[in-house]
Amino acid sequence: MVPAPSADNHGVRPLLKWAGGKRQLLPVLRQHYPSSFERYVEPFLGSGAVFFDLHGSGALEGRAALLADANPDLIGCYLMVRDRVEAVLAELAELDEGHARGREAFYYEVRNERFNAQRRDHPDYTPELAAMFLYLNRTGFNGLFRLNRRGEFNVPVGRYVNPRICDPVHLRAASAALRTAGVTIELRPFAESLAGATVGDFVYCDPPYAPLTKTACFASYTAGGFNWFDQRALQQSVLGAMRRGAWVVLSNSCTPEIEALYGSSEVRAAGLEVQRVPARRSINSRAHLRGAVHEIIVTPLLHDRRLADIVPRMLRARSAPPVSGSARAATARRRA
Ligand SMILES: C[S@@+](CC[C@H](N)C(=O)[O-])C[C@H]1O[C@@H](n2cnc3c(N)ncnc32)[C@H](O)[C@@H]1O
């Protein structure tokens, strides 16, 4: 059994501000964590609110975790924080000083003349690039990460009086969490992360949300964006993982299209149900959107299924002839 995460989890808070970060949804999501699992898979990592929550509660101790995202800057930054945290800290301390002197003008100098120039010429991340990514995340508008058509980061400066740019204790703690034995970080599209998901895996999917209106779309975390074709492909990948016996939880926006996508009989047959949960209430200047205060989560139907009852993979391989994925999934459900 894994320790139950609780509201007073004093683990490491996420390193980044991230559009769609899930810290505020954690009390709801925790109700759907499985009571036991062998590996944690997060295909849309972003700021990793659920990863840091599980890590802080001790639920990942002795377990593997695959943390993946399709944003090369995000993954590059995490790899540098994991492997070269002291070098990142030294660079970040310099940027902190520069910001104290130059404020807005310094932000634009870093963004245009250093960050975008280095990303273009040397796409492999260095401690310097990771520090700039963190600096721009902490001082840019709402911590957004957005690229223009030329692939350049183009978020304007935010209005912060005294932004916390360099926090060595926090950065070292996040680095230690990312260095935990069994944790791997990959630049990978969701389909690849989900293709390997199987019985014993707990998968949390938090894709770019489907837009609530035609104009209210924010899906530009990556150069390619995330469109309706991707939403449908994700649903199919999720169903595949469920049929192989994984425990999948997914969040998305509450739109008629997404509710229909996950409300179908095919989804239910794969063992998932969809429910509305109260969303963060954001102040919207447009009156007709003020009532839109739900998001959806898709969770396994068998809430009391215990993955602890599933024979660990290695024991199973030793004691039984190979079985197909669907047979394994059926066995897992029977044991639950
Ligand atoms: C809503 S955010 C995830 C937020 C995260 N749960 C958190 O707590 O911060 C969605 C993430 O999906 C990533 N993403 C977009 N397209 C993707 C794809 N095709 N495959 C994998 N990740 C993708 C984005 O880079 C972004 O970090």
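Let me start with helix α5, which in this predicted model has 13 residues and reaches 18 Å from its first C-alpha to its last, close to the 18 Å expected at 1.5 Å a residue. What I would like you to notice on the screen is how that helix sits, because 13 of the 13 residues of α5 are buried, so the helix is largely enclosed by the rest of the structure.

The largest nonpolar core has 79 residues, and the members that touch the most others are V81, A130, V203 and V248. Helix α5, residues 127-139, supplies the largest share of this core, with eight residues.

Among contacts between residues at least 6 apart in sequence, 78% join residues at least 24 apart.

Next, two further helices. Helix α2, residues 49-57, is mostly covered, in that eight of its nine residues are buried, namely A49, V50, F51, F52, D53, L54, H55 and S57. What covers those buried residues includes α1, β1, β2, α6 and β4, and just after the helix G58 takes a positive phi of about 85 degrees.

Helix α8, residues 228-243, has 16 residues and reaches 23 Å from its first C-alpha to its last, close to the 22 Å expected at 1.5 Å a residue. Its buried residues include Q231, L234, Q235, S237, V238, L239, A241 and M242, and the buried residues of α8 pack against α7, β4, β5, α9, α10 and β6. As a reminder when you look at such a pattern, an α-helix has 3.6 residues a turn, so residues three or four places apart point the same way. After α8 comes G245, whose phi is positive, near 105 degrees.

Now the ligand, which is surrounded by 23 residues, the closest being G20, G46, S47, A49 and Y221. By type, the residues of this shell divide into 12 nonpolar, seven polar and four charged. A49, which is among the closest residues to the ligand, is also one of the buried residues of α2.

I will finish with two individual positions. S175 is found in helix α6, and S175 is buried, with 21 other C-beta atoms within 10 Å, where 20 or more are needed. Which residues is S175 in contact with, leaving aside its neighbours within four places in sequence? They are V81, R82 and V85, and S175 and V81 are 94 residues apart in sequence but 5.5 Å apart in space, C-alpha to C-alpha.

The other position is R276, in strand β6, residues 272-278. Is R276 buried or exposed? R276 counts as exposed, because it has 12 C-beta neighbours inside 10 Å, and the cut-off for that label is 12 or fewer. Leaving aside neighbours within four places in sequence, R276 is in contact with C254, H294 and I296, and the C-alpha atoms of R276 and I296, 20 residues apart along the chain, are separated by 4.5 Å.

Definitions and conventions:
Residues are numbered from 1 along each chain as its sequence is written. This is a predicted model: local features need pLDDT of at least 70, side-chain atom pairs count only at pLDDT 80 or more; totals for chains, interfaces and linings use all residues. Helices (H or I, at least four residues) and strands (E, at least two) are DSSP runs, numbered from the N terminus. Two residues are in contact if their C-beta atoms, placed from the backbone, lie within 7 Å. A nonpolar core is a set of buried Ala, Val, Leu, Ile, Met, Phe, Trp, Tyr and Cys residues joined through C-beta atoms within 7 Å. A residue is near a molecule or strand if its C-beta atom, placed from the backbone, lies within 6 Å of it. Ala, Val, Leu, Ile, Met, Phe, Trp, Tyr, Cys and Pro count as nonpolar, Asp, Glu, Lys and Arg as charged, and the others, Gly among them, as polar. The expected span of a helix is 1.5 Å times one less than its number of residues.
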